[in-house]
Structures are given as C-alpha cells and as structure tokens.
Amino acid sequence: MIKLLRSHRLFPVLLVGLTALLTIWLDQISRWDSHRRELDPDKPEYVAENMIATRYDKQGKLMDRLIATRMWQYPGKPDAYFENPDLYQYQQGVLQYHVTGETGRYNNKSQQAYFDKKVVLIKPADSKQPETRLVSSAMFVDTGKRFASSKAPSVIYQGNSVANSIGFSYLESQGLLNLYSKTKIVYAK
Amino acid sequence: EQADKTKPIEITSDNGCTMEQTKGVSTCTGNVVVIQGTLRLNADKVVATQDPQGNQTLQATGRIVTFRQKLDNNSGWIEGQSSKLDYDSAKHFAVLTGNARVKRNGDLVIGNVITYDTQSEVYQVMGGGANAGKGGRTTVILQPKNTASQPAAAKPAAGAAAQ
C-alpha cells in the first residue's frame, strides 16, 4: 500500500521537475542578446579626439576639468587613456593645481590618475607661498585625496628655491611635501 | 665671509626631507650637509625655516654638529662644533649649544654655549652645564700674536659668566 502511495505521489513531482528543467534549457538556448556585440578587448570601445571634460560640484562650481588631444577606453575596463592630458582640479571654483603629461590614464571610480612622460604638477602661487612646480617622468595623482607621488627622480621648484630627490609624495591640500632618499635643496631668496 | 649671507643655502641629505610649505619649514635627516658660500655645516638633522622674505634660520642637531666658515680678508677659517647649532643667516648669528668649541687660527674657546656673530666675527662663550645653571667653567686659549707678521685680529669677548 505504502509502495503504491509512494509511486503515486512521486511520479507527478518528477514530472514537474523535468518540465522545469526543460523550460530553463529552452530559455537558455533560445536567448539571443541582440545588444552584446563581441568586442575585441585589445581595441578601444570608443575614442574621443580633442576633448574637454568638465565636472561641477553640488553648488555648480568648477570641480575638475580634463583636457586631452585624444581619449580612448577599452571594453569592460575602468581606466580611460589619454594623450597629452591636462587635469585641472578646483576647490570651490578656485584652481588648486593642474597636472600635465604626454600620456596618462584615469580611473573614474577610484578617482586616481597616472601620468607618464614629462609630467608637471603646478600649484599656483597664493597668499602664503610662491608657485610650486613638481617635475618628474611619472606621477600618480589621487584627485579624491589631492595627493600626488612619484618614485622617479624629481625636481621641485618653489619660488627661486629648487629641490632634487629620488621620489616624493605631496599632500597638496596640506602643503606637505616629502622628498625621499638622496635630496638636495637650494634655497634662494 | 660677509658675502656668504647673500648666497643660496644648499642642503643635501641622505634620508630625504619633509617640507611643510604653508609654514615654510623643511626637516632633513641623514648625514645633512648645509653649504652657504664658504659656510659648511654637517649634522644628523637640520630644520630649516624660511620666512616670507626668504630669510633662513637653521637648527642643526646631532651627535656632533660641526661648522666651518672662511673669515674675511684671508685671515683664515673659523671652525666650531657642538651638539646643537642655531644659525640665522639674516641676523648673521650662530649659537652653539652643548659641549661647544670654536677654533680660529689656533685660538680655542670651549664652553657650554658659544654665540658667534658671523659679520663682526666676534664670539662669546658662556659656561653653565646642563645642571650648573648660570655658573660653569669656560676655557679660552689665545695664541700669542706675532705682531710683525699677523694683522691685529679682533679678540674674542670673554664670557659673561666665565668663572
């Protein structure tokens, strides 16, 4: 009796399971995503020439501006790549510094940029200090924290004074410049 | 030399420097060498402060801080050493503190604090060890001047607290 009952109840459950599997399988093989075109990961998904990208803060004031002769991005990659990038960063609409290089890349999510070849970071003079100019062959810039650093030989100009070092880190928001390893500073009035 | 204070100050160090731009203070460590004209200073750590007019004050510390500077009119060199040295290039003043010694053309001055005016080339020595308060011995050794060959050099002012 129990055997009968068991097979009597089991069969419908089996049937439902099989039907569900069949439905899923059919759905998978019949799905055809018209939007996804298989892109070549080594070729840019899109390219922009002579671009100026400007971003504003909540009060509508200038926040940052990126100028480049060429910008491109690869499919599915977070970084955008630039030729001759020139990144300006503002605070309450006032220019804090700008960075130029021959090439560079920028990650919009992490707000971190990397500049390469003849990189110059310029912090304009203000009431407290003369212009500061950091020159290096490569520089990492965290625009969120307003922090720049390099491991390469660098030259720092501040007014008439010059400093040379192998690597530096610069917390621009606090005017704190750390020169690493062998350093030479020449203070001139 | 007089011209030293108009020359740029060059600071080189092995372990890098930290520059606080808003305060105009730079701290350098590791075999620090400071050169300004003929002045040469060696220390383990140097804190350089630049005022808005660009004048520099240096504070050098270390196991032993040494400095050497050429005197005007080719009258030789002055050398000094101590455990701390404060140098103000605008006021042309150096203060050596802690086991201070200054040697100039054979003259030797030893005390706890020696102040040296790089313009008038006058130095003043004070005794007083760390716990001896105002007192404390100073030593001044003056070489006999051979009046024929040597021009009259300015004598060091005896220490105010020499005992």
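Visitor: Why is the meeting of the side chains of B:Glu10 and A:Lys184 called a salt bridge?

Guide: In this predicted model, the N to O distance between A:Lys184 and B:Glu10 is 3.9 Å. The limit for a lysine nitrogen and a glutamate carboxyl oxygen is 4 Å, so the pair qualifies. The count between chain A and chain B is two salt bridges.

Visitor: What makes β11(A) and strand β2 of chain B a pair?

Guide: Four bridges join β11(A) to β2(B), residues 17–20. Pairing requires at least two bridges, and therefore these strands pair. They run antiparallel, and A:Leu179 stands opposite B:Cys17 in β2(B).

Visitor: How many residues does the contact take from chain A and from chain B?

Guide: Chain A supplies 22 residues and chain B supplies 24 residues. Across this interface, 13 residue pairs are in polar contact, with both residues at pLDDT 80 or more.

Visitor: What area do chain A and chain B bury between them?

Guide: The two chains bury about 2,000 Å², with 48% of it on carbon and sulfur atoms. The area counts what both chains lose on being put together, so the value is a sum over chain A and chain B.

Conventions
Residues are numbered from 1 along each chain as its sequence is written. Chains are lettered from A and ligands numbered from 1 in the order in which they are written. This is a predicted model: local features need pLDDT of at least 70, side-chain atom pairs count only at pLDDT 80 or more; totals for chains, interfaces and linings use all residues. Side-chain values use heavy atoms; hydrogens and water are left out. Contact means heavy atoms within 4.5 Å. Buried area is the accessible area (1.4 Å probe) that two parts lose on being put together, summed over both. A polar contact is a pair of N or O atoms within 3.5 Å; within protein, one must be able to donate a hydrogen and the other to accept it, and residues adjacent in sequence count only if both atoms are side-chain atoms.
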